[in-house]
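Let us walk through this protein step by step. Keep the sequence and the 3D view side by side as you read.

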Amino acid sequence: MTDRFVSRGFAGRRRDADADRAGRIPPGQYLTDGFPVLSAGPTPQIPIDQWEFTIEGLVRAPVRWSWEQFLALPARDWTVDISCVTKWTKLDTRWHGVSIDDLLAAVELDPRAQFVTAYSYGGYSTNLPLSDVLNNLAFVAYQYDGAPLEPAHGGPARLVVPHLYFWKSAKWVRGLRLIEHDVPGFWESLGYHNRGDPWREERYSGD
Ligand SMILES: Nc1nc2c(c(=O)[nH]1)N[C@H]1C(S)=C(S)[C@@H](COP(=O)(O)O)O[C@H]1N2
Ligand SMILES: [Mo]
């Protein structure tokens, strides 16, 4: 087994698809080709002319975008693997949206800002250290697989934080609040892990 792997390496061949996938599936997870919907409540209906996205809290002045303004922001394609704490992992999901870096470029951050609360239409929220959403680690997506993001999956727009369990990827996201001291979000205050790194199996508080 080890031999085979090593000799393949020496031969300079590409790792086969299974081996490649194996290294991409976090511990305790299984692969799915489907795209399950997991929502703690009903899908909010958001008339697009009333949709807004806000950055507020520890910033010099809050910034708010309408849908039209949001679509005019610099956006790009992202292909990322996602893992849900209910144990499914989906590889190579394709999104289009705006990096959190590009959103934060519109505000002047107070140096005390260390954490972020992402909050959603419908009342959901999740908390993240600022460092988990910077440097292209996270984005607000409004297209999935080349089409407008479906309401069940968080459309018009959702946060995507692919390196953490998918509950951190707030659907129907409405804004980011910059804060100094961490405040647990919806699932985090119900016993989920505060950070949720799938590679460390940080599923529940105490993991
Ligand atoms: N607003 C909101 N965002 C949410 C949730 C939710 O209930 N409400 N569920 C979270 C959880 S637990 C998961 S696993 C993913 C599921 O996203 P999906 O339904 O697109 O698969 O969304 C996350 N974001
Ligand atoms: Mo989840």
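Two strands count as paired if DSSP finds at least two bridges between them. Keep that cut-off in mind, and remember that this is a predicted model.

Start with strand β8, residues 139–144. Is this strand mostly covered or mostly open? It is mostly covered, with 5 of its 6 residues buried. Here, buried means under 20% relative accessible area.

Now look at the partners of β8. Strand β10 covers residues 158–160. It is joined to β8 by 3 bridges, so the pair meets the cut-off of at least two. The two strands run antiparallel. To find the pairing on screen, look for A141, which stands opposite R158 in β10.

Strand β5, residues 88–99, also pairs with β8. This pairing is antiparallel too, and it has 5 bridges. Here S99 faces F139 of β8.

Next comes strand β9, residues 147–148. It pairs with β8 through 2 bridges, again in the antiparallel sense. Y144 sits opposite A147 in β9. β8 and β9 form a hairpin, with 2 residues between the strands. In that hairpin, D145 takes a positive phi near 55 degrees.

In general, side chains in a regular strand alternate between the two faces of the sheet.

Finally, turn to the largest pocket. How much space lies in it? About 460 Å³. Its lining has 27 residues, and the closest to the pocket centre are L38, S39, A40, Y124 and W187. What kinds of residue make up this lining? There are 18 nonpolar, 7 polar and 2 charged residues.

Technical notes: Residues are numbered from 1 along each chain as its sequence is written. Chains are lettered from A and ligands numbered from 1 in the order in which they are written. This is a predicted model: local features need pLDDT of at least 70, side-chain atom pairs count only at pLDDT 80 or more; totals for chains, interfaces and linings use all residues. Side-chain values use heavy atoms; hydrogens and water are left out. On a 1 Å grid over the protein atoms alone, a cavity is a set of points where a 1.4 Å probe fits but cannot get out, and a pocket is an open set with protein on both sides within 12 Å along at least five of seven lines; lining residues have an atom within 4 Å of a point. Grid points are joined across faces, edges and corners, and a volume is the space filled by probe spheres set on the points. Ala, Val, Leu, Ile, Met, Phe, Trp, Tyr, Cys and Pro count as nonpolar, Asp, Glu, Lys and Arg as charged, and the others, Gly among them, as polar. Buried means under 20% relative accessible area, exposed over 50%, partly exposed in between (1.4 Å probe, protein chains only). Helices (H or I, at least four residues) and strands (E, at least two) are DSSP runs, numbered from the N terminus.
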